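Reader: Could you walk me through the helices and the loops between them?

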Amino acid sequence: LFERYKEALGSSDVEHIDYLGMALMYKHMHNEAESLFRRAVSIRPDSHEALNHLGMVLMTLHKFPEAVEAFGRCVEAQPKFADYHNNLGEAFLAIGSCKRAMIEFDEAININIYYGDAYYNKALTYILNSIRREDFKLFSEAADKTLEMIERAIVVCPEYQDKNFDEGKQ
């Protein structure tokens, strides 16, 4: 694996570099994966796959502002992918921007109405905004909207409903 890593750093094959970066990320070799994803993006700056993977590894490394930048470029390169908007929303949540996160989760849902993770993330955003009180409009509708988003997420992804869900609703 180490030999392949050194080989990829010298390569110009973006797909090969990206795939190896994913393998390293799954092996929890995040710094090495970041290097490969950055290499892939330097070769092809509009590679939405490499930008998305770079954002994912940056989130894992708690480099949240850099993840926002990577996911933002990813969304610019491929604006019709719901996953990319959802990932950008999660990065905005990580830097504490509930308002910007909500915009991205809404866009993910506009692209894919059956996107359970985006509904769930919207619910989390309402909760976080209630704590931080960043956006008073979101705060005023938090209780009703949080429950609505969780119920929508459960319709799409039943695994979100666990044994404590009904108790928590009350």
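Reader: Where does histidine 62 lie?
Author: Histidine 62 is in the loop between helix H4 (48-60) and helix H5 (64-77); helices are DSSP runs of H or I with at least four residues, numbered from the N terminus. The model is predicted, with local features needing pLDDT of at least 70, side-chain atom pairs counting only at pLDDT 80 or more, and totals for chains, interfaces and linings using all residues. Residues are numbered from 1 along each chain as its sequence is written, and side-chain values use heavy atoms, without hydrogens and water.

Reader: Is histidine 62 buried or exposed?
Author: Histidine 62 counts as exposed, because its relative accessibility is 58% (buried is under 20% relative accessible area, exposed over 50%, partly exposed in between, with a 1.4 Å probe and protein chains only).

Reader: What is phi of histidine 62?
Author: Phi is near 60 degrees, a positive value in a residue other than glycine. Most residues other than glycine have a negative phi.

Reader: And what about histidine 28?
Author: Histidine 28 is not a glycine either, yet has a positive phi of about 65 degrees. Histidine 28 sits in the loop between H2 and H3 and, at 62% relative accessibility, counts as exposed.

Reader: At what angle do H2 and H3 pack?
Author: Helix H2 (residues 14-26) and helix H3 (residues 30-43) pack at about 160 degrees, their axes 8 Å apart; axes are lines fitted to C-alpha atoms over the stretch in contact, and angles run from 0 to 180 degrees between N-to-C directions. The two are therefore roughly antiparallel, a term for angles over 145 degrees.

Technical notes: Parallel < 35°, antiparallel > 145°, perpendicular 65-115°, else oblique.
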